[in-house]
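This report looks at the pockets of a predicted model and then at its aromatic rings.

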Amino acid sequence: MRSSTENGVSDPKEVRSFLTGDARVIAPLILGSVLTHHSDAGPVSVRLTEVEAYMGPRDSEHPDPGSHTFGGPTARNAPMFGPAGYLYVYFTYGMHYCANIVCGPEGFPSALLLRAGEIVEGDQLAAVRRPASKAHKDLASGPARLASALGLTTADTGRDALASPFGLWLPRTPAAAVASGPRVGVAGPGGSTEYPWRFWIEDDPTVSRYKAARPRNRTATG
């Protein structure tokens, strides 16, 4: 990854400082960033085109009923209570991994769910990992596809996304056309228009399609 240049920033100290802010403010600004994972199989890089912000517990300053932290700290969501820039990867529906980048000051949990992106390096490896994808634009279109294309699993939860074998490059110029709306598949109040914390680059072909949550009795993913 490149260090600080006129075109972008990848210096870990600068990136981490950026990520310690409010996830809802960071979300539209991080679109267009490139996350890379250098695995033993090779590197894969994805340009982020869609993210969702998730905030804190019910007793916090910014309670979020759609977040995994809403009920308080657990062994599973512990990375979200840690320092900014680390990964929170969870397993859902018994078949999928979803990846988040932790935001905010340590002890004040928030994160960005990486919902979709464009593979800009390692196309062939991403395609091997995503054999069901019929087109390049589909390789990382959706959080489970994105995590799979990058080769991320729960073994990566709690790892630093700003240190080897990972890297995050931030563009100095924000994406020109950013839209926002309700989060995808979040049940209950957290999935309503009161929480328009899904952000995406308008008209980008890799952005996933919106789907409302099916009614259920537990909080949705975050």
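## Pockets and aromatic contacts

The second largest pocket has a volume of about 260 Å³, and among the 15 residues that line this pocket, Met 55, His 62, Pro 105, Phe 108 and Pro 109 are the closest to its centre. Its lining divides into 5 nonpolar, 8 polar and 2 charged residues.

The largest pocket of this predicted model holds about 930 Å³ of space; it is lined by 32 residues, of which Arg 115, Gly 142, Pro 143, Val 184 and Lys 211 are the closest to its centre. At least two lining residues come from each of β4 (87-92), β5 (96-103), β6 (110-121) and α4 (143-150), and α4 contributes the most, with 5 residues. By class, this lining comprises 15 nonpolar, 8 polar and 9 charged residues.

Turning to the rings, the structure contains 3 aromatic pairs, including the two in the table.

| Pair | Distance of centres | Angle of planes | Class |
|---|---|---|---|
| Tyr 88 and Tyr 90 | 5.6 Å | 40 degrees | tilted |
| Tyr 195 and Trp 197 | 5.1 Å | 80 degrees | edge-to-face |

The planes of Tyr 195 and Trp 197 stand at 80 degrees, and the pair is therefore edge-to-face, the cut-off for this class being over 60 degrees. Tyr 88 and Tyr 90 are both buried. Tyr 195 is likewise buried, with a relative accessible area of 15%, and Trp 197 is buried at 11%.

A contact of another kind involves Arg 198, whose charged end sits over the ring of Trp 200, 4.2 Å from the ring centre.

Terms used. Residues are numbered from 1 along each chain as its sequence is written. This is a predicted model: local features need pLDDT of at least 70, side-chain atom pairs count only at pLDDT 80 or more; totals for chains, interfaces and linings use all residues. Side-chain values use heavy atoms; hydrogens and water are left out. On a 1 Å grid over the protein atoms alone, a cavity is a set of points where a 1.4 Å probe fits but cannot get out, and a pocket is an open set with protein on both sides within 12 Å along at least five of seven lines; lining residues have an atom within 4 Å of a point. Grid points are joined across faces, edges and corners, and a volume is the space filled by probe spheres set on the points. Helices (H or I, at least four residues) and strands (E, at least two) are DSSP runs, numbered from the N terminus. Ala, Val, Leu, Ile, Met, Phe, Trp, Tyr, Cys and Pro count as nonpolar, Asp, Glu, Lys and Arg as charged, and the others, Gly among them, as polar. Rings of Phe, Tyr and Trp (its six-membered ring) pair if their centres lie within 6.5 Å; planes under 30 degrees apart count as stacked, over 60 as edge-to-face and the rest as tilted. Buried means under 20% relative accessible area, exposed over 50%, partly exposed in between (1.4 Å probe, protein chains only). A charge sits over a ring if NZ of Lys or CZ of Arg is within 6 Å of the ring centre and within 35 degrees of the ring normal.
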